[in-house]
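Here are a few friendly notes to read alongside the model. Please keep the structure open as you go through the points.

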Amino acid sequence: MKPTSQISPRQHASRSFPLTDYAFKATADAKSSSSAVRPAMKSPAFHRLSSEFFSAEASRDYVAEFSIFMLITGISVWPIISALVAVTRLVRNY
C-alpha cells in the first residue's frame with residue numbers, strides 16, 4: 001500500500017516543516033536492560049598479533065626518535081648557553 005502525503009501544497013507554502021505528533025509516549029513493555037545482549041569481546045589473537053608487531057617496531061622507532069630529539073635539544077641549548085656566557089662576561093666587565 002502506498003503511503004499518502006500529509007502535507008498539502010497550501011501547507012507547504014506557508015510552513016517550512018510538516019506537522020509532527022507531540023503526544024508520543026514510550027510503551028511500558030520496552031525493556032531497558034541489556035542483559036540479553038552479550039558483551040563485545042576483543043579478539044585475543046588479533047591483540048597478540050598486533051602487540052608482537054608493534055613491540056619490534058617500537059624499539060627501532062624509539063632509538064630513531066630519541067636520537068633526533070637529542071639532536072634538536074643540543075642545537076636549541078647551544079645558543080642559550082652562548083647567551084648566558086655573553087651575559088656573564090658583560091656583568092664581569094662592569
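1. Let's start with Y62, which is exposed, at a relative accessible area of 56% (buried means under 20%, exposed over 50%, partly exposed in between, with a 1.4 Å probe and protein chains only). Please bear in mind that this is a predicted model, where local features need pLDDT of at least 70, side-chain atom pairs count only at pLDDT 80 or more, and totals for chains, interfaces and linings use all residues. Residues are numbered from 1 along each chain as its sequence is written, and side-chain values use heavy atoms, with hydrogens and water left out.

2. The structure has 1 aromatic pair. Its partners are Y62 and F66, stacked at 6.1 Å centre to centre with 20 degrees between the planes (ring centres within 6.5 Å make a pair; planes under 30 degrees apart are stacked, over 60 edge-to-face, the rest tilted). F66 is partly exposed, with a relative accessible area of 42%.

3. Where do Y62 and F66 lie? Both sit in helix α2 (residues 44-93), 4 residues apart, about one turn of the helix. The protein chain has 2 helices and 0 strands (DSSP runs numbered from the N terminus: helices are H or I, at least four residues; strands are E, at least two).

4. Of the 94 residues of the protein chain, 1% count as buried.

Conventions
Rings of Phe, Tyr and Trp (its six-membered ring) pair if their centres lie within 6.5 Å; planes under 30 degrees apart count as stacked, over 60 as edge-to-face and the rest as tilted.
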